[in-house]
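Student: I would like to go through a protein model step by step. Could we have the sequence and structure in view while I ask?

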Amino acid sequence: MTDTAATVLQPLDIYPWHEQARLRMQAAETSERFPHAVLVHGPAGVGKERFAAALAATLLCTGRGQRFEACGECADCMLCRAGSHPDLHWLRPLEDKKSIGVDQVRVACEKLAMTSMRRGFRVAIVQPAQAMTTSAQNALLKTLEEPAPRTLLMLVTSQPSRLLPTLRSRCQRLEIACPTTPDASAWLQRETGAAVADGLLEIAGGAPLRALEIAPHFEALDGQMSALLQELLAGRVEACAAAADMMGDGLPARLDWLESWLALVIRARIAATGTHVTIRGGPVLQRTAGEVNISAAFRLVDRVREVRRLLEGSAAAQLVIEALLVEVAGLPGRKGVSRWAP
Ligand SMILES: [Zn+2]
């Protein structure tokens with residue numbers, strides 16, 4: 001998601017699950033106790049960036065009167081729409097980099113410390129905040145120690161634990177959580193005009209916008225990953241070949257598929273006797289689930305998450321995936337591998 005004109009001027013509660021966050025910010029504004037720094041956190045795919053952008057546009061809007069929503073018509077809204085509001089600063093990794101450096105933070109902090117170019121708030125949004133280097137986070141801390149009046153710093157992140165504790169503690173936490181499964185399902189159905197495929201929301205970790213993104217490719221993804229896993233567990237394909245198949249643009253969704261498959265396997269193993277948990281991918285994978293070592297499955301879930309973090313850095317993606325798949329192939333236990341052939 002980017003700070004395109006369309007997203008900046010969306011209402012704050014365009015998504016029903018943003019309602020609580022909007023109410024909290026509105027209450028803070030009404031009571032004139034608006035925080036200087038907000039940590040907007042929650043899982044990937046719930047629209048945190050859009051919320052931050054809409055909140056910035058709301059605060060910058062000079063035509064909204066008592067409403068807590070950008071009017072979309074005043075000069076400030078026009079500037080937001082054009083992506084050129086002088087009091088709104090976005091900090092993102094530069095095009096050829098994966099991290100947000102200390103120099104970027106210093107420039108933004110200087111802008112926040114200056115008098116407003118117009119007459120309202122000055123806002124900086126750091127997205128994704130966990131991309132800041134340690135020195136960048138330290139530089140930001142200095143600004144937060146003596147915040148200028150009517151300034152707002154928003155740190156948007158799905159991994160708040162990767163921020164310095166001192167930085168986190170200076171921010172008001174604002175969580176954007178996933179809606180309940182029935183609410184997410186109903187919303188998805190309205191958006192796509194179709195029934196929600198079984199397993200789609202699970203693969204998206206319950207996050208509606210992530211599910212919306214995966215939906216058009218879901219069938220192909222499910223088919224490819226089921227086949228890949230069957231071949232891998234049956235020992236008919238080497239981890240390096242399987243890793244090559246997982247690479248490409250769809251890699252994040254394939255990792256999501258794998259994690260949700262492992263979660264189902266774990267659920268099947270801990271379910272009460274007689275409870276049936278359907279495992280995606282047909283009878284072979286269903287049989288596998290019955291024999292998997294549960295602690296190995298838990299370890300693998302951690303590994304998948306670690307792999308995601310590694311891939312955000314400079315790690316060689318295919319080697320990382322290959323190492324992961326070697327572990328997946330060994331999931332049923334060394335003796336068991338050949339038994340997974342259909
Ligand atoms: Zn306006």
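Student: Is Gly-45 buried or exposed?

Tutor: This is a predicted model, in which local features need pLDDT of at least 70 and side-chain atom pairs count only at pLDDT 80 or more, while totals for chains, interfaces and linings use all residues. Residues are numbered from 1 along each chain as its sequence is written. A residue is buried if 20 or more other C-beta atoms lie within 10 Å of its own, exposed if 12 or fewer, and partly exposed in between, with C-beta atoms placed from the backbone. Gly-45 has 21 other C-beta atoms within 10 Å, so Gly-45 is buried.

Student: Which residues is Gly-45 in contact with, leaving aside its neighbours within four places in sequence?

Tutor: Gly-45 sits in the loop between strand S1 (37–41) and helix H3 (48–60). Helices (H or I, at least four residues) and strands (E, at least two) are DSSP runs, numbered from the N terminus. Two residues are in contact if their C-beta atoms, placed from the backbone, lie within 7 Å. With neighbours within four places set aside, the contacts of Gly-45 are Ala-204, Gly-205, Ala-207, Leu-209 and Arg-210.

Student: How far apart in space are Gly-45 and His-89?

Tutor: In sequence, Gly-45 and His-89 are 44 residues apart. From C-alpha to C-alpha, their separation in space is 22 Å.

Student: In S5, which residue is the bridge partner of His-41?

Tutor: Two strands pair if DSSP finds at least two bridges between them. S1 and strand S5 (residues 172–175) have 4 bridges and pair in the parallel sense. S1 also runs parallel to S4, joined by 5 bridges, and there the partner of His-41 is Thr-157. In S5, the bridge partner of His-41 is Glu-175.

Student: How many residues of S1 are buried?

Tutor: S1 is described as mostly covered. Of its 5 residues, the number buried is 4.

Student: Why is strand S3 largely enclosed by the rest of the structure?

Tutor: In a regular strand the side chains alternate between the two faces of the sheet. On one side of S3 are Arg-122, Ala-124 and Val-126, on the other Val-123 and Ile-125, and all are buried. Strand S3 (residues 122–126) is therefore largely enclosed, the count of buried residues being 5 of the 5.

Student: Which residue in S4 stands opposite Val-126?

Tutor: S3 runs parallel to strand S2 (residues 88–91), with 4 bridges between them, and Leu-88 stands opposite Val-123. S3 also pairs with strand S4 (residues 151–157) in the parallel sense, over 5 bridges. In S4, the residue opposite Val-126 is Leu-155.

Student: Is Pro-16 buried or exposed?

Tutor: Pro-16 lies in the loop between helix H1 (5–8) and helix H2 (19–30). Not counting residues up to four places away in sequence, Pro-16 touches Pro-179, Asp-183 and Trp-187. Because Pro-16 has 12 other C-beta atoms within 10 Å, Pro-16 is exposed.

Student: How far apart are the C-alpha atoms of Pro-16 and Asp-183?

Tutor: Along the chain, Pro-16 and Asp-183 are 167 residues apart. The separation of their C-alpha atoms is 8.9 Å.

Student: Is H5 roughly parallel or roughly antiparallel to H6?

Tutor: Axes are lines fitted to C-alpha atoms, for helices over the stretch in contact, and angles run from 0 to 180 degrees between N-to-C directions. Angles under 35 degrees count as roughly parallel, over 145 as roughly antiparallel, 65 to 115 as roughly perpendicular and the rest as oblique. The axes of helix H5 (residues 102–113) and helix H6 (residues 134–145) come within 8 Å and cross at roughly 15°. H5 and H6 are therefore roughly parallel.

Student: Is H15 roughly parallel or roughly antiparallel to H16?

Tutor: The axes of helix H15 (residues 294–312) and helix H16 (residues 317–329) come within 10 Å and cross at roughly 175°. H15 and H16 are therefore roughly antiparallel.

Student: How many helices and strands does the chain have?

Tutor: Of the 342 residues of the chain, 36% count as buried. Along its principal axes the C-alpha trace spans about 70 × 40 × 35 Å. The chain has 16 helices and 5 strands.
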